[in-house]
Amino acid sequence: MRILNQIIAVCTINLKSLPQRFWLSLSTVMAVALVVGVLLAFLAMAAGFQQTLNGTGSANVALLLRDGSQQEVNSTITLEQTRLIAEAPGIVRKPDGSALMSAELYVIVDAVKRASGLKSNIPLRGVGQDAPALRDGFTLVAGRMLQPGSNEIIVGQALTKEFAGFDLGQEPRIGGVTWKVVGVFAMQGSVFESELWADLPVVQGLFRRGSITQTVRLRLTGPEALAGLQGYSDNEPRLKLKAFSEKEYFAGQSSGTVKLIQYAGWPLSIAMAVGALAGALNTMYSSVASRSREIATLRCLGFGGFPAFVGTLVESLALSLIGGLLGTLVVWLLFDGFTTSTLGQGFTQIVFSLSLTPALMVQGVVLALVVGLIGGFFPALRAARLPIVAAYAQG
Amino acid sequence: MNDFSIVLANLFRAKLRTSLMLVAIFFAFLIFGVLAGVQNGWDNIGNSGADNRLVTTNKINFTQPLPISYIDRIRAVEGVEKVTYANWFGGFYQEPRNVLVTFAVEPETYLDIYRSDFALTPAAEAAFLADRTAMVAGAKLAEKNGWKVGDKIPLNSNIYTNKATGKRVWDFTLVGLLEPVKEEANPNFVLFHHKYFNESVTFGQNTAGYALLRTVDKSVNAAVAEKIDAMFANSPAETATDTEKAFNKAFASQLGNITLIILLVVGSAFFTILMIVGNTMVMAVRERTREIGVMKTLGFRDARIFRLVLGESLLLALLGGLPALGLAAVMLGMIRQLVALPGLELSPPYLALGLLFMLALGLITGLIPAWKALRLNIVTALGRQ
Amino acid sequence: MGALIDIRRASKRFVKGRETITIFDKLDLVINEGDFVAIMGPSGSGKTTLLNLLGGIDRATEGEISFGAARLDQLTEGQLSGWRAANVGFIFQFYNLMPMLNAARNVELPLLLTRLGKGDRARRVQAALEIVGLGDRAKHFPREMSGGQQQRVAIARAIVADPKMLLCDEPTGDLDRKTADEILSMLQLLNREMGKTIIMVTHDPEAARYASRVLHLDKGRFIEQGAMA
C-alpha cells in the first residue's frame, strides 16, 4: 500500500511535469506515431488484400480447373467435360433437375485507371445466368442483370471506382465491340467486384474460343461433397480436373502478395522504430535529468528508488502509448477503407481496401509500448540510482 | 585549438545523447538509401528499353495474341527496320513456384534487336539457330538452377501441352548463355524457337504473343505506331503500339503506386528525425547558455557563435547519414544478388539527394538554436542559474 | 536529555582523479536530543557533507554514526529510506518543492510513506500548514508563492510526519533579512515548543544566533564550540 502510494505520487509528479518538456515529449510522441503509422499502413494493406480474397471464398461452392492449373487464366475445360461434370454427385440441383453450375471464360482486357491514367489488366468474365446464384452475397446495386446474347455487361462496384469508362450507362469498347454497362453489382468487397461480366457465348465468340471455357463453378450440397466430386473426376478419364472449394482456392491466391507486403512493412517499421527508440531514450534521459532534484528530494524524504524507477517507466510508456494511439488514429482516419489495386496472381488487377482491423491496432500499440518500455527502462534505472546528494545541487 | 575542435568537443560532451541522435539519423538515412535504390530500380524498368524500340500488342490486352500474319505486314511499314515476335510460354522448372520467364521467339530477329542489350557467343548463337529444340538462358538464371551448356532441360508450361508427348513437360537442350552487354540489361529469362512452339502446341497455332520492332530512328516512332494501329483498325484483332519504355513502365505500374509508398515512408522517417534532432539541439544549446555567455564575454563574435552551433548540427547529420548511405549501398548490392533487378543501386542523383537531405537536416535543426545563441544577451546568460 | 546523535571517529574521503581528498578525518560529535545546533564554516569545510551523513543520504568512509539506538553506518539503502521517512525532516536552501504539486500535496508527500489513511493525512497536512501560518494557502502552487512562503511550506513538509530531527541546509540562504528572521523564529519555536532537534548549516552569523549551540567547522575540524543566545 505504501509502495503503491509512493508510485502514484511519483507518477503524478512526472506526468504533471510533462508540459515543461512539451516539445521534446511531443517529438517522442510524433516519432512513435509515425512508426506505428507506417507499420499499420502496410499491415492494413496486407489485411485488406487478404480480406478481399478470403471474403471471396465459400466452402459450399466448388471450382474446377484443369489439373495442373493454379489460376483460372491458364485452365481450359471443354464443353464435353462440362456436360460430364453436370452428372457428378453432390451438386445442388434446380427444380428442373439440372445442376446449379456455371461454366465461365476468363479473359484479360485493358482498362484505364482513374488515378494514373495508365492501362491495367482487368478480367472480363463470360458467365451464364446461374453465375450470381453461385456467389454468396451477390447483389445488383444499380441497373439490372445482363440479357443473354447481347453486348451488355455488368461491372463490379470496386472496379467502377478504380477504373474509368465503366459507369452505369457508359458504352466501353473492348475488342472492337461496343458494350453497354447495364448493371453494377456488389459482393461484400470480394475479388469479383474487380471484374466485368458479360454473356458467355458472346465472349467466346469475340475471343474465338469456340465452346471452350476455363472454369466450372458449382454449388455443393455441403462442404463434404467436395471429396466425392474429386473422386468422380478422378474416375472419369475424360475429366482430369482438379476440384477446389472456392475458399481454399482464394486463400491460396493471397499468400504471396500478403507476405510480400508484410515482408516490406515489418523491416521498415523496425528500422524506423530503432530511430524512434533513440529519440525516446533521449527524451527520457532529459526528463530524468530535468527532474533530478525532485527525484533526489523525494529520496531525502524517504521515498525508495523503486517508485522513481516505475515513475520514469510510466512516463515513457504514457508518451509512447499516446504516440501509438495517435498513429493508429491517423491511419484509421486517412487510410482505413482507402481503395487501391494491385496485380493479383491471376495476372489481373484486384481492387481492395486497406483494412485496419482491431488485431492490427493491437500490434501497432504493442510496438509503441515496446519502444516506450525500452526507451524508459534505462533512464528509469538512472532515475532510481540518482545520488541523493543531487538535491542540494544549485539551481 | 580551432573552431572545429570546439564543435567536436561540444558535440561529444553528452556522449550518450549524441550517440542516440546519431542512431536515429543513421536509421533514417538507411531507410532513405535502401528505398532510393528501390526507386532507382523502379525508374530503370522503363529506361532499359531502347529509344527506337516499339511493342505492338493486341489492343484488348497484351495477353491476347496477334495473328502471325501481322508480322510480315508490320515489316512492310515504312520506318520499320526490324521486327521480331515472342509468345509467353508460362514456363516453370520442376515445381510451379519456380516460375521462369520463358518466351518462344523467332531467334535471328530477336537476338538481333536485343544485340545491344545482351548476346550469346558467336558459337552459341550458331548452335541455337541450328537446333530447333535448343534453348538459351540468362547466365545467372542457369547458374541458379544448376544448368550447364549441353544439359537436357525439361521445362514445364502451365499453359501448353506438347502435341508430340501429350504432356506439359517440354524437353530442350541448353546451348548457350545470355550475357548482358549493357550494364543495366538483365537477361533473366529463357528463349526457344517459335517454330518448335508453333508446331507442337495443341491450340494457339499461328499466333504471336506480341511484336517487337526497331524503327530506323526514334523520330519516326509516333508515325510508325500510328500507321501500324491504323492498318489493323476494325479488324478482328486491333493493335496497340507503344514504345518499349512506355510499355514496360505501364506494366510495372500495375503493381501499385510504389513511388507514393516510398515517398510516404521516407517522409515519415525524415519528419521523425527532424523532430527528435531539432528538439534535442535546442535543448543542448539551452543547457549551454552560460558558456555561450562566457564565450561572448571573451570576445567571440555573434556570427562565429552562430557558425559554431550550426556546424555542430551539420556535423551530426553527416556523421549519422554518411555511414548509413554506405551501408545502404552494401545492402542494395546484396539484395541485387537475390532479385536481379539491375537498377537496384544508389545512383549519383539519389546519392546527391541524400547528401542534400543531410545538409538540410543539419541546417534546419541547427538554425533555431544557432539563432538563439546569436541573440543571447550576455548579462542574462551569465545571470541565469 | 540524552544523546540523540553520536558520531565516533568518522572520516570522509573522496577519490578525484589521482588525488584523494579528505573532507574530514576521525571526527567526533555528540548532539543531544532537543538541541538546536548551528554548523558554521567556510565553503568546502565539510558542513554539507556532515549534514548528509546525519541525514543518511551519504555514507562515511569509516567510523560510527548512531542515531538513538540505530547505527546509520550499518543500515542498507532501503533501511535508510525508511529511517529517514520516520525520523528526519529536511529543509533545503532552494526549498525543493515539487513545482507541479500544490502546497497541501507537497506537504502530504512524506505521509505517503506512512500507514495513515486519506482523512488522517489531510488533517495532518492542514495542521502542519497551520503551524507555519499557511493554513489558507493549501491550494496554492509554489510558483504562486514568495520565497519565504515556499520555505514555510518546506518546513511544514519537514514536520508533517513528526520526525525527531530537522536537518536544514542554508534554510535562509535565498531569503531577505526580514523573511529569514521569520523562518528562523519558526525553527526556534519548533525546537522549543515541539522539542525538535534541529541541525542547521549556515554561513550567516545572524542565523546562527538563533541556535542553542554553534559549531565552527574548518578543514574538517571543529575549531570552536560554544553556546549562544
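Predicted model: local features only at pLDDT ≥ 70, side-chain atom pairs only at ≥ 80, totals over all residues.

Me: Which chains share the most contacts?
Reply: That's chains A and B, out of two pairs of chains in contact. Their contact takes 42 residues from chain A and 38 residues from chain B.

Me: And which element of chain A gives the most to the side that touches chain B?
Reply: Helix α7(A), with 12 residues. Other elements that give two or more residues to that side include α2, β2 (101-112) and β3 (119-127) of chain A.

Me: What about chains B and C, how far apart are their nearest C-alpha atoms?
Reply: Those atoms are 12 Å apart, and chain B and chain C do not touch.

Me: OK, new topic. How many residues are in the largest nonpolar core?
Reply: It has 250 residues. Among those with the most contacts inside it are Val35(A), Met272(A) and Ile31(B). The largest share, 21 residues, comes from helix α2 (residues 22-54) of chain A.

Me: You mentioned Met272(A). What is it in contact with, skipping its neighbours within four places in sequence?
Reply: From chain A, there are Leu34(A), Val35(A) and Val38(A). From chain B, the list includes Phe27(B), Ile31(B) and Thr272(B).

Me: Where's the other core?
Reply: Another core, of 47 residues, lies apart from the largest one. Leu155(B), Leu178(B) and Phe247(B) are among its residues.

Me: How is chain B divided?
Reply: Into domain 1 (3-46 + 256-383) and domain 2 (65-236). The C-alpha centres of these two domains of chain B lie 50 Å apart.

Me: Let's do helices. How far does α10 of chain A reach?
Reply: Helix α10 (residues 358-385) of chain A reaches 40 Å from its first C-alpha to its last, close to the 40 Å expected for its 28 residues.

Me: And where is the kink in α10(A)?
Reply: At Phe377(A), shortly before the proline Pro379(A), and the kink is about 30°.

Me: Last one: what's the strand order in the sheet of chain C?
Reply: This open sheet of four strands runs β2-β1-β4-β5, with antiparallel pairing. Strands β1 and β4 of chain C pair over five bridges, and Ser11(C) has Glu62(C) as its bridge partner in β4(C).

Me: Why is one side of β2 and of β5 left without a neighbour in the sheet?
Reply: Because β2 (19-32) and β5 (70-71) of chain C stand at the edges, each with a single partner strand.

Notes:
Residues numbered from 1 in each chain as written. Chains lettered and ligands numbered in written order. Domains from an automatic or database assignment. Core = buried A, V, L, I, M, F, W, Y, C linked by C-beta atoms within 7 Å. Buried ≥ 20, exposed ≤ 12 C-beta atoms within 10 Å, placed from the backbone. Contact = placed C-beta atoms within 7 Å. Expected span 1.5 Å × (residues − 1). Bend = angle between axes of the 7 residues up to and from the residue. Pairing = 2+ DSSP bridges.
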